[in-house]
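Please read the following report alongside the sequence and the coordinates, which are shown first.

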Amino acid sequence: MGLTRNFLVSTATVLLALALAANACSPSDRAALLDFKAALNEPYLGIFNTWSGTDCCTNWYGVSCDPETKRVADIVLRGESEDPIFEKAGRSGYMTGSISPSICQLDRLTTLVVADWKDISGEIPACITSLPNLRILDLIGNKISGQIPADIGKLSRLTVLNLADNQISGSLPSSIVNLNSLMHLELSNNKLSGEIPSDIGKLSMMSRALLSRNQLTGPIPSSLASIYRLADLDLSMNQITGSIPDQFGSMPVLSTLNLDSNQLSGEIPTSLLANSGLNILNLSRNALEGNLPDVFGPKTYFTTIDLSYNNLRGSIPKSLSSAKYVGHLDLSHNHLCGPIPDGSPFDHLEASSFANNDCLCGMPLRTC
Ligand SMILES: *[C@@H]1O[C@H](CO)[C@@H](O)[C@H](O)[C@H]1NC(C)=O
């Protein structure tokens, strides 16, 4: 009886120990997570209340481990989320504090998402560039300041770098062009200054580069045009000068190009307007000049083409009426002259699309 009982107890102990070993996270990962938690304050949802006990791989909100190694692989904390915890609280996320450098102890980390918490401040820990497996770094929508770590280019596996909507200053580190796995670069709405590295075209995997609402200066690097996959380029609301590279007209998958509110000069490349893959083009509020080339045709498909507030001259090209589709067209505040062509898309546009030119006439403006 006693023997059987002892046997059962010890078996149970062994099973329990095995179960714990199967789930438990590494003590060093757990310690790093607790340091990370200690530097943040999330007062409304209580997500960090779940970060207790020894097994950080189970039921710690936003933490997941590699099933094989049991090492922490992902931290995903999103302040804008459909998770029931947000619905229950009836609010979006809010956090203060900063991102602790202890995060760098999580040396198997592949994903760090600490997004849209509004008030997390401090700097990006410089040691983050020593995380060799990091693939996703997404800190959008906080109040993070300081600079992008100078050796960011060491993160050779990084596919997503999203630091948009923060207060990051300084220039784009030259090493950024070494991020040879990078697909999404999102740095909009920060305080970045200086020039875009001229060899940014080395980022050959990049499909989306969003750098709007910063204080970037200098020219648009023509090397961007050599990025085969680049579909979405937004450099709007900076202080970029020079002309639009001719090579942009031959980019195979470019579909959105926003260069509005800069100081661009020169003519709009003919090939750009002839590029039938381009669907959204905003060049508004620059100092672009010259005539609008007559290069539109049955393959032209623009949901938006905004060329307002420039110094464009001459007449509206007739070929635009042969476009397959033009949704929103804005040619206002230029120096265009002559008759507005007949037919679509001109029959659904309002007078405001043509306002403040030198001498445009015809529907929807006054008759010629
Ligand atoms: C184009 O850019 C201008 C200036 O930045 C902005 O005001 C305008 O709304 C944009 N046009 C469209 C259609 O989004």
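## Basis of the model

This is a predicted model, in which local features need pLDDT of at least 70 and side-chain atom pairs count only at pLDDT 80 or more, whereas totals for chains, interfaces and linings use all residues. Residues are numbered from 1 along each chain as its sequence is written.

## Nonpolar core

The largest nonpolar core holds 92 residues, and those with the most contacts inside it are Val-72, Val-114, Leu-139, Leu-163, Leu-179 and Leu-230. Such a core is a set of buried Ala, Val, Leu, Ile, Met, Phe, Trp, Tyr and Cys residues joined through C-beta atoms within 7 Å; a residue is buried if 20 or more other C-beta atoms lie within 10 Å of its own, exposed if 12 or fewer, and partly exposed in between, with C-beta atoms placed from the backbone. Among the elements that each supply at least two residues of this core are α2 (27–38), β3 (72–78), β5 (111–115) and β21 (325–330), and β3 gives the most, with four residues. Helices (H or I, at least four residues) and strands (E, at least two) are DSSP runs, numbered from the N terminus.

Leaving aside residues up to four places away in sequence, Leu-139 touches Val-114, Ala-115, Ile-124, Ile-144, Leu-163 and Asn-166, where contact requires C-beta atoms, placed from the backbone, within 7 Å.

## Strand pairing

Strands β3 and β5 pair in the parallel sense over five bridges, pairing being assigned if DSSP finds at least two bridges between two strands. Within this pair, Val-76 has Val-113 of β5 as its bridge partner. Strand β5 is in turn joined by three bridges to β6 (residues 136–138), again running parallel, and there Leu-112 stands opposite Leu-137.

Further along, β20 (residues 311–314) and β22 (residues 335–339) pair in the parallel sense over two bridges, with Leu-336 of β22 as the bridge partner of Gly-314. Three bridges join β22 to β23 (residues 359–361), which run parallel, and Pro-339 is partnered by Cys-361 of β23.

## A loop residue

Ser-352 is placed in the loop between β22 and β23. Ser-352 counts as exposed because it has 11 C-beta neighbours inside 10 Å.

## Ligand shell

The residues around the ligand include Ser-236, Asp-260, Arg-285 and His-328, a residue being near if its C-beta atom, placed from the backbone, lies within 6 Å of the molecule.

Terms used. Contact = placed C-beta atoms within 7 Å.
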